[in-house]
Amino acid sequence: MAVKVYIVYYSMYGHVEKLAEEIKKGASSVEGVEAKLWQVPETLPKEVLGKMSAPPKSDVPIITPNDLSEADGFVFGFPTRFGMMAAQFKAFLDATGGLWRTQQLAGKPAGIFYSTGSQGGGQETTALTAITQLVHHGMIFVPIGYTFGAGMFEMEKVKGGSPYGAGTYAGDGSRQPSELELEQAFHQGKYIAAITKKLKQAA
């Protein structure tokens with residue numbers, strides 16, 4: 001039976017989505033793992049998104065809270081808003097009360113990835129404050145630590161991400177994830193998928 005890893009994200013301008021795609025590739029590279037991309041529902045009206053110059057959403061399916069119970073492990077991604085997860089993702093998690101009551105997600109591993117506008121914009125606080133959501137569900141937070149190796153110590157180029165998880169800098173929106181940031185995202189997907197597989201096999 002395949003090990004299911006769900007990459008669940010919110011992306012307004014596409015930066016988080018690009019990381020999500022690489023995380024899926026990394027997770028899928030682990031034998032016996034079936035990785036799937038999901039978007040959380042948008043909460044802003046189309047006219048507001050238009051004024052914010054947000055591009056149309058991709059055709060990645062929209063997840064419902066009950067879909068989460070089918071997965072063995074997760075990687076959750078979102079842009080930051082004042083150093084915390086975007087409200088769209090928080091609204092989705094707020095709707096998981098039924099899963100919380102039955103603790104259906106307890107014991108399942110979960111990682112976090114993110115996008116911020118600047119170097120001081122929340123590369124660590126966005127992940128740190130998101131851990132509370134995992135704790136109440138009884139999920140196991142899986143940071144990447146320094147398993148990405150030399151890429152964690154890059155000082156010559158701007159690079160998002162931290163021991164908490166993969167990340168990128170959007171800047172004014174024109175900057176796209178770098179090759180190194182995408183490599184780190186691939187690594188995170190592979191790393192968490194391997195741990196999810198081990199946990200399921202040991203159960």
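A search of the whole structure, which is a predicted model, finds 6 aromatic pairs, where rings of Phe, Tyr and Trp (its six-membered ring) count as a pair if their centres lie within 6.5 Å, and where planes under 30 degrees apart are called stacked, those over 60 edge-to-face and the rest tilted. The rings of F89 and F92 have centres 6.2 Å apart and planes at 70°, so this pair is edge-to-face. F89 and F92 are 3 residues apart in helix α3, which separates them by about one helical turn; helices (H or I, at least four residues) and strands (E, at least two) are DSSP runs numbered from the N terminus. An α-helix has 3.6 residues a turn, so residues three or four places apart point the same way. Both F89 and F92 are buried, a word that stands for under 20% relative accessible area, with exposed meaning over 50% and partly exposed anything in between (1.4 Å probe, protein chains only). F74, F76, F78, F89 and F92 together form one aromatic cluster.

Local features in this predicted model need pLDDT of at least 70 and side-chain atom pairs count only at pLDDT 80 or more, whereas totals for chains, interfaces and linings use all residues. Residues are numbered from 1 along each chain as its sequence is written, and side-chain values use heavy atoms, with hydrogens and water left out.

F89 also belongs to the largest nonpolar core, which has 29 residues and in which V8, L68, F74, F76, F89 and I112 touch the most other members; such a core is a set of buried Ala, Val, Leu, Ile, Met, Phe, Trp, Tyr and Cys residues joined through side-chain atoms within 4.5 Å. At least two residues of this core come from each of β1, β3, α3, β5 and α5 (125-137), and the largest share, 4 residues, is that of α5. Another core, of 21 residues, lies apart from it and includes A35, L37, V75 and I192. Beyond its neighbours within four places in sequence, F89 is in contact (heavy atoms within 4.5 Å) with V8, Y9, Y10, V40, F76, G77 and F78.

I192 is also one of the buried residues of helix α6, together with E181, Q184, A185, H187, Q188, G189, A193 and T196. Helix α6 (residues 179-202) has 24 residues and reaches 35 Å from its first C-alpha to its last, close to the expected 34 Å, a span calculated as 1.5 Å times one less than the number of residues. The cover over the buried residues of α6 includes β1 (3-9), α1 (15-28), β2 (33-39), β3 (73-81), β5 (109-116) and β7 (167-169).

There are 5 salt bridges, each defined as a side-chain nitrogen of Lys or Arg within 4 Å of a carboxyl oxygen of Asp or Glu. Three of them are tabulated here.

| Salt bridge | Closest N to O |
|---|---|
| K200 and D72 | 3.3 Å |
| R175 and E181 | 3.1 Å |

K200 is partly exposed at 29% relative accessible area, while D72 is buried at 18%. D94 and K90, in contrast, are 4 residues apart within helix α3 (residues 87-94), about one helical turn, with D94 exposed at 51% and K90 partly exposed at 31%. In the remaining tabulated pair, R175 is partly exposed at 23%, whereas E181 is buried at 0%.
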